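Here is a short tour for anyone meeting this structure for the first time. Keep the 3D view open and follow along.

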Amino acid sequence: MNEFEKRIEILYKERFGQLISLILQRFRNLPIDWAEDIVQETFTAAALHWPKTGIPENPSGWLYQTCENKSINLLKKISKTGGLSMAKSMSVAADEISEDGFKDAQLRMLMACCHPNLTPKTQIVLALKYVANLKVESIALQFGAAPDAIEKMLYRARQKIKSESLISSTRLYGHSVERLSVMHKVIYLIFNEGYKQSGDKLSQGKIMCEDALMLNKFLFDSPLCNPETKALQALMLFNVARFDARFDAQGNAVELEYQDRALWDQSLIQLACFLLTESEDSVFSPYHLEAAIACVHCAARKFEDTDWEAICKYYEVLLKVYPSPFAEINYAVALQYNHQSEKAFRILMDLHRNPYYSKLPILDMTIRKYFKRVKTKNYEID
């Protein structure tokens, strides 16, 4: 991959959803799938022209201007065949879009995707597609669904967005907390998708984590901020503080047990601790519990000092209130380190017998590590 391809790939990851949002704001009646096609065509144009002309001084501005021009040309063409109402929504103003403008567009798109007229699952799928720019296959993995099912959901959602003008009616901070919980969930998933990247995708993963932190910071600084917002910010900061220690110089993953804790960012850990304390509420969200678990890990000066009993208790509460196979897997790992290997084994085998969960790569990896740690062949996988 050459310099131009790398730069375009990074911009595509950063700007795809933002450009769609900006185009839909400027051309209110443009269907979202048309806007998506225009943005795709724009990046194709960049891949063709930039190697010849060089990367523009303001590449994001170039992309926006090209998207706008393509939208104008499309709407002019439609107006000649009777699409006058759409053409009237056209604006030829080409003011330079600042970095804040792109960020506002991303947050506005997130709010639009979380519109209450859409089902919660559809809200999250839309946001992962248009805010985080995840591939359909990655979204399907998050939900344990077939990619075709996600494609159908996106198609139906786009039809609903078009018929009810859901995106054009969205205003920053113009909505109640009814969308806040879903926005938190989407930001959490964006962060997790970025955090698990490795190898040549590590830099992209870091950008996704930073995007998630930035989106939640927008909510944090807004009147919408609540204890869940603070707990989510704390959770992400605990994890970001350990980001650089997770990989060696060759880009290979380093397990928590072998990480150089001197590389952990103590200032971020302190900030996360402060936010976690500030987030205390009568009702604990999953972010409170996961942040508490991360806090225990960060408090241990070395791996052997980890309070696994406390971590197990947090997972027990988390699984009672917010059950998930990923939390069960992590709970099994904590149980093993807390000298409860047989209980850990039963949990892992129950998950392995599930037709869907048995396909999770993290489960297979965890089971292999389990056998490596117990160093016995007394157990057999069904």
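## Ser 60 and its partner

The side chains of Ser 60 and Arg 15 are joined by a polar contact of 3.0 Å. Keep in mind that this is a predicted model, so what you see here is computed from that prediction.

Ser 60 sits in helix H3. Is Ser 60 buried or exposed? With a relative accessibility of 8%, Ser 60 counts as buried, because the cut-off for that label is under 20%. Leaving aside residues up to four places away in sequence, Ser 60 touches Leu 11, Arg 15 and Phe 102.

## Helix H3 from end to end

Now zoom out to the helix itself. Helix H3 covers residues 59-79, which is 21 residues. How far apart are the end C-alpha atoms of helix H3? They are 30 Å apart, and that agrees with the 30 Å the helix should span at 1.5 Å a residue.

Next stop: Cys 113, which belongs to helix H5 (residues 99-113). Its relative accessibility is 3%, so Cys 113 is another residue that counts as buried.

Which residues does Cys 113 touch, not counting those up to four places away in sequence? They are Leu 118, Gln 123, Leu 126, Ala 127, Tyr 130 and Val 131.

## Two loop residues with positive phi

Asn 133 isn't a glycine, yet it has a positive phi of about 60 degrees. You'll find Asn 133 in the loop between helix H6 (120-130) and helix H7 (136-143). His 339 isn't a glycine either, and its phi is positive at about 65 degrees. His 339 lies in the loop between helix H15 (325-337) and helix H16 (341-353).

What relative accessible area does each one have? Asn 133 has 7% and is buried, whereas His 339 has 74% and is exposed.

Methods
Residues are numbered from 1 along each chain as its sequence is written. This is a predicted model: local features need pLDDT of at least 70, side-chain atom pairs count only at pLDDT 80 or more; totals for chains, interfaces and linings use all residues. Side-chain values use heavy atoms; hydrogens and water are left out. Helices (H or I, at least four residues) and strands (E, at least two) are DSSP runs, numbered from the N terminus. Buried means under 20% relative accessible area, exposed over 50%, partly exposed in between (1.4 Å probe, protein chains only). The expected span of a helix is 1.5 Å times one less than its number of residues. Contact means heavy atoms within 4.5 Å. A polar contact is a pair of N or O atoms within 3.5 Å; within protein, one must be able to donate a hydrogen and the other to accept it, and residues adjacent in sequence count only if both atoms are side-chain atoms.
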